[in-house]
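Take the sequence and the model together and read them alongside the paragraphs below. The text moves from helix packing to sheets and then to individual loop residues.

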Amino acid sequence: MARESIETVRSDVAVCSCYASAPRRIGHLAALIVVSVITGCGTDPGFVPPPTNGPTTDVIDGNRDAPSTGMSGKTSGEPNGSFLQAIVAVFDEEGIAHLQGTVADVGDLDVFLLGPLAAGDRLIVDADTTGSPLDISVGIFDAAERLVYNNDDRGGSSARFLDSYIEWVVRHGGDRYYLVATHSAFAGSGGYTGTYKIDVQASDGLAVPGPVGQALLLDFDGAVVDFPTLGLVTLDPFDAAPISPFYRGQTETVKETIRTVFEQNFVPYNVDIWTTDDPPPAGTQFSTVYFGGFNPGAFGIAEDVDLYNVDFCDDAIIFTESFGPHLFSSVPTAFELGIAIGNVGSHEAGHLLGLNHVDDDRALMDDQSAADAFIEDQEFMEAPLSSDIMSIGTQDAVLLLNEIVGLRPDDDPAQRMGSALFTSHRRFWGK
Ligand SMILES: [Ca+2]
Ligand SMILES: [Ca+2]
Ligand SMILES: [Ca+2]
Ligand SMILES: [Ca+2]
Ligand SMILES: [Zn+2]
């Protein structure tokens, strides 16, 4: 079961926001579109059930109907929990590898070597756990062991909605790509172990989708948002005073700092930042980050992890009143509060552009840090994947943003403005 995609108030408090089917556009204040898709949420917040089915080794990891040893290395068996130990996937004449295996213990990672792929190649990964209790999750990694695509649940209404499914076009070629199969980090009781089959089809000849720029609207003026997993959320216009009386009268300082932090975090990339005080031109498609309200368990939430930014109009909420001064080791100034909210907002915007969680306090996409880390100069960077995804490899946010939204054109006035902001705001962090 996938759980998305929340910045928790404390790392030991998780709020359930799981959903099994694709969330859709939700309403902006000016044009409330109510298309609610809420399914399958009901897990006790923060409770990770222990696995109840014991170790299983019913099926040896490897290739179905293929020789157990290949020309280019091991084609079956454990250990295969690292990229070095990968099982060689054997592709048949139709370009399909018929894999199988067993997630035998909690944390069992089964790594398969898919071989070289060229930019434009199309990859289809179809996992099948029919008859097995396993809630499988799969990831595709490039030659540098960076996650390029992943899926936990295919969703939908079929009986196989927990079985992973991927259709993806390779953005950059490499002499080897890998497939990793393991259990979902959010498997229900009993779903941590079991057998699986995975068919991998590689075919060539498609054009490489190029990067497409994105506009982000920072919404400070209140909204009624119909949010997957939360339902209707009513947000008053952003006001710093409810966060703490300490911030009374400093709303504009906090807002301006939030915008500056967004601009600094996204400055190299083709992402335009607008606010409700400085809205985008009519007709612009934009994703929205709302600022306001309180959630007892969350700083912010994104509608989805929109891999490769398929949806140009998805939404996130930053619960600004969740940023109570008591969560920090010392009371943040209004300026520092704006940095913290801006960094968490950039994190949620990262989800809307297709970024997953990593485990490094310096990284914007970190999901484990205490609140103090948000006041530091977090950035989009390469970092080890969060165990929420799988405990192997990295995510390189710089690479992915380059491939998804691309770099801001050199002649874009915002590039010069952003560069100036970047330089002048180094003093934010005293570096
Ligand atoms: Ca295994
Ligand atoms: Ca293994
Ligand atoms: Ca799954
Ligand atoms: Ca998106
Ligand atoms: Zn997150």
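**Helix packing, sheets and loops**

H1 passes H2 in a right-handed crossing. In this predicted model, H1 covers residues 251–266 and H2 covers residues 334–353, and their axes come within 7 Å and cross at roughly 45°. The two helices H1 and H2 are therefore oblique to each other; an angle under 35 degrees would have counted as roughly parallel, and one of 65 to 115 as roughly perpendicular. On the H1 side the contact is made by Thr253, Val254, Thr257, Ile258, Val261, Phe262 and Asn265. H2 contributes Ala334, Phe335, Leu337, Gly338, Ile339, Ile341, Gly342, Asn343, Gly345 and Ser346. Sorted by class, the contact of H1 with H2 has 9 nonpolar and 8 polar residues, and no charged residues.

The wider setting of this pair is as follows. The secondary structure of the protein comes to 4 helices and 22 strands. Of its 431 residues, 47% count as buried. Among contacts in the protein with a separation of 6 or more, 73% are between residues 24 or more positions apart.

Next come the strands. Strands of a sheet pair through backbone hydrogen bonds, either parallel or antiparallel. One open sheet is formed by 5 strands in the order E5-E7-E12-E9-E10, with mixed pairing. Strand E5 (87–88) and strand E10 (147–151) stand at its edges; each has a single partner strand, so one side of each is left without a neighbour in the sheet. Within this sheet, E7 and strand E12 (residues 174–183) run antiparallel and are joined by 6 bridges. Gly115 stands opposite Tyr177 in E12.

E18 and strand E14 (residues 214–219) run parallel, joined by 4 bridges. E18 and strand E20 (residues 315–318) also run parallel, and 4 bridges join them. Val289 can be followed through both pairings: Val289 in E18 is the bridge partner of Leu218, and Val289 stands opposite Ala316 in E20.

How many residues of strand E18 are buried? The count is 5 of the 5, so E18 is largely enclosed by the rest of the structure. Both faces of E18 are covered, with Ser287, Val289 and Phe291 buried on one side and Thr288 and Tyr290 buried on the other.

Two aspartates in loops complete the tour. Asp105 lies in the loop between strand E6 (96–103) and strand E7 (110–117). Is Asp105 buried or partly exposed? Asp105 has 14 other C-beta atoms within 10 Å, and because a residue needs 20 or more to be buried and 12 or fewer to be exposed, Asp105 is partly exposed. Asp105 and Tyr192 are 87 residues apart in sequence, while their C-alpha atoms are 7.2 Å apart in space.

Asp367 is placed in the loop between H2 and strand E21 (382–384). For Asp367 there are 20 other C-beta atoms within 10 Å; because the limit for a buried residue is 20 or more, Asp367 is buried. Asp367 and Asp388 are 21 residues apart along the chain, and their C-alpha atoms are separated by 8.8 Å.

Technical notes:
Residues numbered from 1 in each chain as written. Chains lettered and ligands numbered in written order. Predicted model: local features only at pLDDT ≥ 70, side-chain atom pairs only at ≥ 80, totals over all residues. Axes fitted to C-alpha atoms, helices over the stretch in contact; angles between N-to-C directions. Parallel < 35°, antiparallel > 145°, perpendicular 65-115°, else oblique. Left-handed = near helix turned anticlockwise from the far one by under 90°. Contact = placed C-beta atoms within 7 Å. Nonpolar A, V, L, I, M, F, W, Y, C, P; charged D, E, K, R; others polar. Pairing = 2+ DSSP bridges.
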